[in-house]
Amino acid sequence: MRRCFAAERSVAPRAGRFASLPADLSAELIQALAARGVKELYSHQREAIDAARAGGHVVVATPTASGKSLCFNIPVLDALARDDSATALYLYPTKALSRDQEHGLLELTRAAGLELPGAVFDGDTPGDARRATRDRARMLLTNPDMLHAGILPSHARWASLFQGLRYVVLDELHTYRGVFGSHMAQVLGRLRRIAAFHGASPKFLCATATIGNPRDHAARLLGVEPEAVTLVDRSGAPAASREVYVYNPPVVNEELGVRASYVKQAVKLAADLVRARVPTIVFGPSRNSVEVMLKYLRAEVGDGVPPDAIMGYRGGYLPETRRKVEAGLRDGEILCVVATNALELGIDIGDLDAVICAGYPGSVAGTWQRFGRAGRRGSRSVAVLVCSSNPLDQYLAREPGVLLDAPAEEARIDPANTEIVIQHLKCAAFEAPFTLAAKGPREARPEPALGESFLGLSVTDTRDALDYLAGHGLVHAASGRYYWSGEAFPASSVSLRNVGWDNFVIVDTANDKTLAELDYRAAHTMLHEQAIYQHDADQYQVERLDFDNHKAFVRKVEPDYFTTALTYRSVLVIEERELGRLGAAKIGFGDVKVLEKVTGYKKIKFFTHENAGYGDVHLPEMQMHTTSFWLTLPEAIVTGLGEPRALVIDALRGISVALETVASVALMCDPRDLGRTLGDGEEDGAAPGRDPHARRTGGFEPTLFLFDSIPGGVGLAERIYERSAELVARTARLVSGCACTGGCPACVGPGDPDSVRKALALRLLHALEPSMLDRAS
């Protein structure tokens, strides 16, 4: 096993740097902190508190378990204690985190003897508690979805909160990226607008795990200049020593370059730790893998550890189930938890000493965020990344310095995404009318235009956008103001996380009780009829899926297999924004429609992972509009290689695997933010930019697509287009430098020793640009 460790790194302990508490804090607050053992602050806490009390926006970017909560709780409680009319709003990305943080905040408040009512307000808040919260709460803890759809549209009922709003706390800032972050920027803009409507101008106190651009990311979310945000990123918290390992499972097939199952290897490592009574968390890449590992781990450990000491934690579990697991971890009753990224965030889960990541999480920042879940109480910890056969994982096994030494990735959002802006402009018009100068002949308009602008839009662009809505009967203009006139409640049709429909409810037919919930996209792959749905290491077969009413009816079974969905993906080019050439190939960038459909499922035997059969699935396809880069091979290249067309297309598929790996590393993005497929780009078979009559003289021109897997795109595909020559050259270097013969998971994907996939891929890369391999070497 020792030779399977691709890298070992000892992270030395770090001494703390301390500072005194501000002398002018309220005496009650100082006493409450002292009662909790806080008689002095870490240096970064004092820096953040001073900046917040000085009246500026602040972002704290320090490692996990560095005490970020006090950075905003102390200035908030101090301000509310001094001003009876002041209020604060806490925003957390998940309901679970807001309820977890509520405990610590209210405990500190009570210890200080402060009469500051505070409560969580979310979808789980009982009806009778909602009115009391609106009328009395001076500290409100909620999530972006509830703020967007439940608070801002009815802001008049929250007048006391908005009139005194002094601070807005924005925790886990790094989670607001991609489409979710783009929506969040709009929601925060609407929040500032409504606060101003009620006469308030709150300051934002932000906290984030380590990312590459904390100040710029905070500024984009808040809609301010970076200079307006104070960055606190030098942690003064002490850190215990940590042993970090990159583990690459042993090769089980030398010819194919196939390695042992990373899921099973992660389970074996975890089992050793559990037997030694080491509190451990195991992160799995998906909900299904979490359930499989949970079953395997309980079986591997056997009777030495009771089953309820090893638990699962993932999205889809009911809230009471998750709360029970969280409490068991804090109390030490649970020795090991197998979780998805649902436990990456700052939920208090007590003392853990070991972390195992089954597969690369997709980003350097995400990996260290997971590693930081152990050793939170100052004890020595162990962190292990178990590499999968995915190309990016294998790349990291060969180049572990990319993980261990590289800076954290930047968080990217696109607040100017037109589709998102229009959606939130509707919501803003519903919440309060817009005041703008009357529209007349352009030469008669005052320059600069007078009136209200919406977020990043100019006054003129805001007016033009509102005129567009007026043309569709959604707003009407009167006396220089635009009023909402649509019948619909706009926020209800805008999903911040791009889940276009309600969750599916999973009903156990044995007792007619709700077992769990799943989002719309996951339902396609996990709740189709005859699927084996796994829950707490038990198996349930989906007997009926009521798609229209979003209900799945399941029955508990004891099969010797689980199921995994088979999907088909195609891309249709809608608009070509840029076209160019890369050697002999044609490249482009533009808007596309991605169609994805679950066509069937595969039965996989537990433990052996043998294929036990297939089944068909009949569900509607899913659609997404986004942006894509594409590379098209002209017919002359395809025929000029003198190989069967099928082999050439397979080689291009191998190039797409390697190019996706290279692009993920070069752009420092989560590989899940990119999607890839092969096709021709149009439903009638013509490649993008190609003469539609060319099909009559030969076959279609195979096209490689790399697209943003986030609706509307966040600029990744465009950056791939701009850096295409560099990225393809790096792809050639990756493929040519791999030690395999016919292809393996680390380069172009698995191929047998006699396979021509790798050799043909290199010939294709050379045909694109003869000098490319020279530049790659």
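**Strand pairing, a buried serine and a cysteine pair**

Tyr-482 in β21 is the bridge partner of Ala-477. The model is predicted, so local features need pLDDT of at least 70 and side-chain atom pairs count only at pLDDT 80 or more, while totals for chains, interfaces and linings use all residues. Residues are numbered from 1 along each chain as its sequence is written, and side-chain values use heavy atoms, with hydrogens and water left out.

Strand β21 spans residues 481-484 and runs antiparallel to β20, with four bridges between them. Strands here are DSSP runs (E, at least two residues), numbered from the N terminus. Two strands pair if DSSP finds at least two bridges between them. Three strands make up an open antiparallel sheet, ordered β19-β21-β20.

Ser-381 belongs to strand β18, residues 381-386. Its relative accessibility is 2%, so Ser-381 counts as buried (under 20% relative accessible area; exposed is over 50%, partly exposed in between; 1.4 Å probe, protein chains only). Contacts (heavy atoms within 4.5 Å) link Ser-381 to Ser-241, Arg-242, Glu-243, Asp-353, Ala-374 and Gly-375, leaving aside residues up to four places away in sequence. Ala-240 is 141 residues from Ser-381 in sequence, yet the C-alpha to C-alpha separation is 7.7 Å.

A disulfide requires a pair of cysteine sulfur atoms within 2.5 Å. The count by this rule is zero. For Cys-740, the closest cysteine sulfur is that of Cys-747, at 3.6 Å, which is too far for a bond. Cys-747 is buried, because its relative accessibility is 0%.
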